[in-house]
Amino acid sequence: MLDGLRSYFSLCGSLFYWLFLAPFRGKPYRVSLIFAQMVRIGVQAIPLSALIVFTIGIVLAMQSLAQVQQLGAEILVPGLISSTMIREFAPLITAVILIGRSGSAVTAELGTMKVSEEIDALEVMAIHPTSYLILPRFIAMLVMMPLLAVFGIYVGMFGGWLICASAIDMPIPFFVTQAIAFVYPVDLVICLLKSGVFGLLIVTIACTIGINVRGGAEGVGLATTRSVVLSLLAVFVANAIMTALFFF
Amino acid sequence: MKESQTGAAESPGDGEAELIIEVTDLVRIFGTQTVLNGISFKIYRGDTFVIMGGSGCGKSTLLKHLIGTEQPTSGSIKIFGEEIVGLSDAAHAEIRRRYGMLFQSGALLQSLTVAENVSLPLVEHTDLDRGLIDTVVKMKLEQVGLTGHGHKKPSQISGGMKKRVALARALALDPPLLFSDEPTAGLDPIMTAVVDELTLDLTKKIGCTAVVVTHDMNSVFRIATRIIMLGTGDQQGKIIAQGSPAELEKSTDPTVQNFIRGEAGRSGDDAATAELYRDALLD
């Protein structure tokens with residue numbers, strides 16, 4: 001436990017150096033590696049993310065309609081969907097998707113590199129693993145996570161509108177007007193903040209566990225499981241804390 | 001031949017040749033097990049210094065200490081005159097640019113092609129333009145007999161080819177010092193000879209220094225200028241023999257002779273225990 005925390009903060013310290021100090025000491029970011037990771041971590045997650053958030057939007061709309069129709073308050077449904085999507089579901093569901101798809105892949109990849117001595121080889125070639133392997137993944141996750149969350153808001157809202165349109169013939173201008181009326185700019189800011197914090201937690205946990213793998217293929221498997229479990233725990237706890245701070 | 005438990009292996013050219021590596025009283029303890037026990041030796045420019053010994057004797061661990069991926073429990077390691085034990089990452093990186101390392105598994109980056117692997121040190125540590133880097137990569141691949149394989153991924157080539165790519169990568173910056181962990185393991189006899197010739201060329205023609213961990217006795221006697229042998233069992237992690245190949249061949253130590261000849265002999269307590277066990281069975 002203590003060793004794990006030490007490794008985590010050591011990695012965070014190293015990241016801080018390579019993120020903020022190294023560029024001013026003649027060690028620029030490896031832009032091509034960052035873009036490659038943005039594609040792997042974010043762009044390739046778009047179809048899965050879209051599908052899942054779309055179904056969440058549909059479910060939200062159906063459940064909301066079922067409840068409010070009894071009160072004749074269907075006009076509240078767009079606002080209910082938009083506020084729930086922006087405040088909670090878009091950042092949280094995107095985080096869960098990226099934990100399962102990208103965080104686990106980062107741990108498995110770094111773990112495999114560790115056991116096959118690729119990370120040792122980088123060190124011996126005087127290429128710092130944080131600079132070459134971790135920083136590109138960190139920046140990619142921090143950029144792609146909020147973008148995917150915003151993308152998720154639109155897709156989820158679209159799913160919600162499809163239900164509203166088919167069930168109660170709600171026109172799209174009315175849906176959009178009602179949806180916007182129930183949210184504030186600060187909600188979007190908090191959504192982006194949550195996404196950033198989730199992305200930071202996911203990538204630092206995945207990298208710390210991946211780069212400290214021991215014990216061959218079995219070790220990689222165990223590390224990947226641990227990475228997913230710890231990331232889920234960290235994201236849900238962080239989400240509860242931030243919701244309490246900003247909305248309660 | 002000088003044989004000692006902890007004494008430094010001396011070069012014939014002491015006082016004249018440039019000292020490249022100096023290891024003094026190196027100790028490494030994992031839990032309750034002492035893996036390296038008071039290791040001391042010196043390596044001079046142009047040496048092909050071979051570290052050999054039975055499985056589990058600590059020779060790969062010793063190599064990992066020399067390249068700085070493991071830290072010793074106590075002792076000193078100087079490379080190019082600089083103490084590397086406890087050295088900062090930045091300072092160590094400066095020293096690491098001056099040597100190459102061939103890992104036992106090759107340790108090629110799987111996400112890169114063969115050519116990208118070989119070019120990596122050049123891209124990272126030189127200001128050469130892309131065209132010149134490509135030319136150097138082609139030369140290095142030709143040197144290890146892999147012309148035309150640059151576009152392949154490591155997963156598309158054999159284990160022996162991976163090892164030769166790793167050798168090309170280790171030599172990309174023309175380092176004055178080369179570390180090799182089992183450089184000929186998994187290679188066919190012809191490629192083993194090619195790698196040995198390459199090591200000899202580096203040391204004899206260019207004045208490069210090579211530190212090689214190997215089990216392959218043919219290679220040892222083909223390339224070594226000096227050898228240390230690490231012990232196992234009671235002698236775990238200690239230097240049990242050292243000297244030139246000729247001196248080791250003449251050694252009267254049965255452990256050394258068994259190792260050189262590849263015989264399954266026993267020595268010391270193991271042999272005594274076996275004798276007692278046989279007598280007890282016969283009685």
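Four strands of chain B line up as an open, antiparallel sheet in the order β2-β1-β4-β5. At its edges stand β2 (33–44) and β5 (82–83) of chain B, each with a single partner strand, so one side of each has no neighbour in the sheet. Strands here are DSSP E runs of at least two residues, helices are H or I runs of at least four, and both are numbered from the N terminus; two strands pair if DSSP finds at least two bridges between them.

A quick note on the source: this is a predicted model, where local features need pLDDT of at least 70, side-chain atom pairs count only at pLDDT 80 or more, and totals for chains, interfaces and linings use all residues. Residues are numbered from 1 along each chain as its sequence is written, while chains are lettered from A and ligands numbered from 1 in the order in which they are written.

Chain B has 10 helices and 10 strands. Among chain B contacts between residues at least 6 apart in sequence, 67% join residues at least 24 apart; a contact is a pair of C-beta atoms, placed from the backbone, within 7 Å.

Now for the strand pairings:

| Strands of chain B | Bridges | Direction |
|---|---|---|
| β1 (residues 19–30) and β2 | nine bridges | antiparallel |
| β6 (residues 99–102) and β7 | four bridges | parallel |
| β7 and β8 (residues 209–213) | five bridges | parallel |

Over in β7(B), Leu178(B) stands opposite Gly100(B), and its bridge partner in β8(B) is Ala210(B).

Strand β7 (residues 177–181) of chain B is largely enclosed by the rest of the structure, because five of its five residues are buried. Both faces are covered: Leu177(B), Phe179(B) and Asp181(B) sit on one side, with Leu178(B) and Ser180(B) on the other. In a regular strand the side chains alternate between the two faces of the sheet. Together with helix α6 (residues 189–204) of chain B and β8(B), β7(B) makes a right-handed β-α-β unit; right-handed means that, with the strands pointing away from the viewer, the path from the first strand over the helix to the second runs clockwise.

Phe179(B) turns up again in the largest nonpolar core, where it is among the residues with the most contacts, alongside Ala90(A), Ile202(A), Ala168(B) and Met229(B). That core has 142 residues, a core being a set of buried Ala, Val, Leu, Ile, Met, Phe, Trp, Tyr and Cys residues joined through C-beta atoms within 7 Å. Ala90(A) touches residues including Val53(A), Met85(A) and Cys191(A).

Back in chain B, helix α3 (residues 114–125) has buried residues including Ala115(B), Val118(B) and Ser119(B). The cover over the buried residues of α3(B) includes α4 and α5 (159–170) of chain B. Val137(B) lies in helix α4 (residues 130–143) of chain B and is buried, because 22 other C-beta atoms lie within 10 Å. Leaving out residues up to four places away in sequence, Val137(B) touches Ala115(B), Val118(B), Ser119(B) and Gly150(B).

As for the contact between the chains, 11 residues come from chain A and 15 residues from chain B. The chain A side divides into five nonpolar, two polar and four charged residues. Here Ala, Val, Leu, Ile, Met, Phe, Trp, Tyr, Cys and Pro count as nonpolar, Asp, Glu, Lys and Arg as charged, and the others, Gly among them, as polar.

Technical notes. A residue is buried if 20 or more other C-beta atoms lie within 10 Å of its own, exposed if 12 or fewer, and partly exposed in between; C-beta atoms are placed from the backbone. Two residues are in contact if their C-beta atoms, placed from the backbone, lie within 7 Å.
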